[in-house]
Amino acid sequence: MQLDEQTSPEDCGCAPTPREQRALRNPMSRRMALGLGGVGILSLGALGLTVAPTAFAADYPSWDDVQRAKNNEAAKAAEVSRIEGLIASLQADVAAKQAEAERLAGEYLAAQEAYETAAAQAEELQAQADAEDARAKETAGKLGRLAAQQYRSGGDDAALELFFSGSAATADDLLAKLGTMDRLVAANQGVYADAVGARDNAKNLSNQAQVARDERDRLQKEAEQKMLAAQDAAVAAQAALDAQNANLDTLQAQLAALKDTTAKTIADYQTGVEVRRREEEARKAAAAAAAKKAAEEAAAAAAAAAAAGGGGGSSGGSGGQAGSGGWVRPASGYISSWYGNRGTICGNGYCTTGHRGIDFATSCWSPIYAAASGRVILAQRLSSWGNYVKIQHGDGTVTAYAHIADGGYNVGVGQSVGAGQVIAYVGNTGASSGCHLHFEVWIGADRIDPAPFLRARGISV
């Protein structure tokens with residue numbers, strides 16, 4: 001992890017403007033959120049979660065309702081109460097769905113970590129079983145050579161002839177035959193006992209490994225289910241936020257109009273809402289234009305790097321530089337922490353041990369590029385990972401990008417992205433002690449070392 005990176009976004013010249021940052025806080029439109037039902041893995045109905053508060057849609061007052069209520073004190077009081085209730089309901093709905101998304105995200109992270117622990121235990125037990133099996137075979141082979149020597153020396157034990165009348169396919173078979181040779185076993189009791197012990201240990205460890213694999217498989221399915229639940233909850237929270245953003249300004253203006261005792265007209269309030277709506281549209285258009293420009297610049301840089309045989313070294317490199325097969329470097333900077341075990345890292349109230357990714361040390365608000373084309377399958381905050389994006393690629397590989405800046409998302413769930421497209425901006429969220437990109441590569445449910453994976457695709461790290 002990057003411990004001392006203090007470079008400002010202004011210094012690197014790569015940060016979005018404050019207006020773009022505000023627009024990027026809510027990158028996914030309500031239309032996109034509601035349209036995700038066609039994406040198989042992200043089916044919103046799979047877990048019974050609703051996308052938006054359906055009760056609100058038919059209950060919003062019109063400006064005509066407000067005008068009529070303003071002309072009648074009793075009706076005005078009722079309309080004020082109604083609008084205040086709608087505002088409170090919108091805000092409560094967003095808060096509840098965001099809290100649920102955060103809770104389910106935490107469950108997914110815990111389930112994934114439990115799966116990885118079980119997978120490591122299963123691998124360790126199987127490795128021990130294999131080692132004991134090899135020792136049993138080696139020791140049985142040693143006894144077999146002693147038997148052969150005795151047979152060639154003219155041994156008269158009838159069991160020797162029986163021993164060499166057939167072949168022993170396994171250490172177990174060999175030990176069974178050797179066990180009938182009393183004199184040989186008596187002379188080599190320690191060796192024989194060691195071989196039998198190794199064989200029994202191998203069987204016992206193999207049984208334990210199978211139990212561990214069964215538990216690993218169960219936990220894998222549980223993690224997958226919890227990821228789907230977290231995805232759906234994130235979509236529901238975003239849809240609720242979109243509903244709030246779409247209606248809150250109007251409701252607040254209507255409430256102000258009803259409470260206003262001056263000569264200010266309903267039309268003035270309505271005009272103010274329209275002005276703010278147009279300003280918001282302009283901000284979104286500016287953000288979209290900035291994202292498009294960044295993607296075009298990344299593609300141009302990738303093409304230039306490819307022509308020059310580009311790629312950065314471990315001492316540094318440019319984000320977006322192209323490798324081979326449609327893969328690019330996901331961020332600029334050098335690798336400050338490699339894949340594998342390390343000490344505990346704490347930051348922002350979270351701590352992690354172990355490291356199943358690599359860290360690109362770079363400045364805050366530096367662009368994060370999609371490492372290859374694909375579809376966004378997760379975009380939300382995940383406790384120690386901080387703000388987090390996962391992208392599924394055409395070959396089934398998944399890449400993930402952690403510690404994204406607050407407000408730094410440039411994509412939403414279900415969105416298709418191209419290789420080298422700017423998907424987010426580097427931050428310091430989650431278990432992080434400085435701005436950097438934590439980058440992961442997933443094969444199935446397992447996170448593998450991204451460094452050799454990227455190098456195999458022509459990307460230097």
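"Buried" here means under 20% relative accessible area, with exposed over 50% and partly exposed in between (1.4 Å probe, protein chains only). These views come from a predicted model, where local features need pLDDT of at least 70, side-chain atom pairs count only at pLDDT 80 or more, and totals for chains, interfaces and linings use all residues. Residues are numbered from 1 along each chain as its sequence is written, and side-chain values use heavy atoms, leaving out hydrogens and water.

View 1. Rings of Phe, Tyr and Trp (its six-membered ring) pair if their centres lie within 6.5 Å; planes under 30 degrees apart are stacked, over 60 edge-to-face, and the rest tilted. That rule gives 6 aromatic pairs.

**View 2. Trp327 and Phe453 pair edge-to-face.** Their centres are 5.1 Å apart, with 80° between the planes. Trp327 sits in the loop between α11 (266-307) and β1 (334-337) and Phe453 in helix α12 (residues 450-455), so the pair ties together parts 126 residues apart in sequence. Helices (H or I, at least four residues) and strands (E, at least two) are DSSP runs, numbered from the N terminus. Trp327 and Phe453 are both buried.

**View 3. Back to Trp365 and Tyr425, for the geometry.** With ring centres 5.5 Å apart and planes at 40°, this pair counts as tilted.

**View 4. Arg457 over two rings.** The charged end of Arg457 sits 3.5 Å from the ring centre of Phe453, and Arg457 also lies over the face of Trp327, at 5.7 Å from the ring centre. The cut-off for a charge over a ring is NZ of Lys or CZ of Arg within 6 Å of the ring centre and within 35 degrees of the ring normal.
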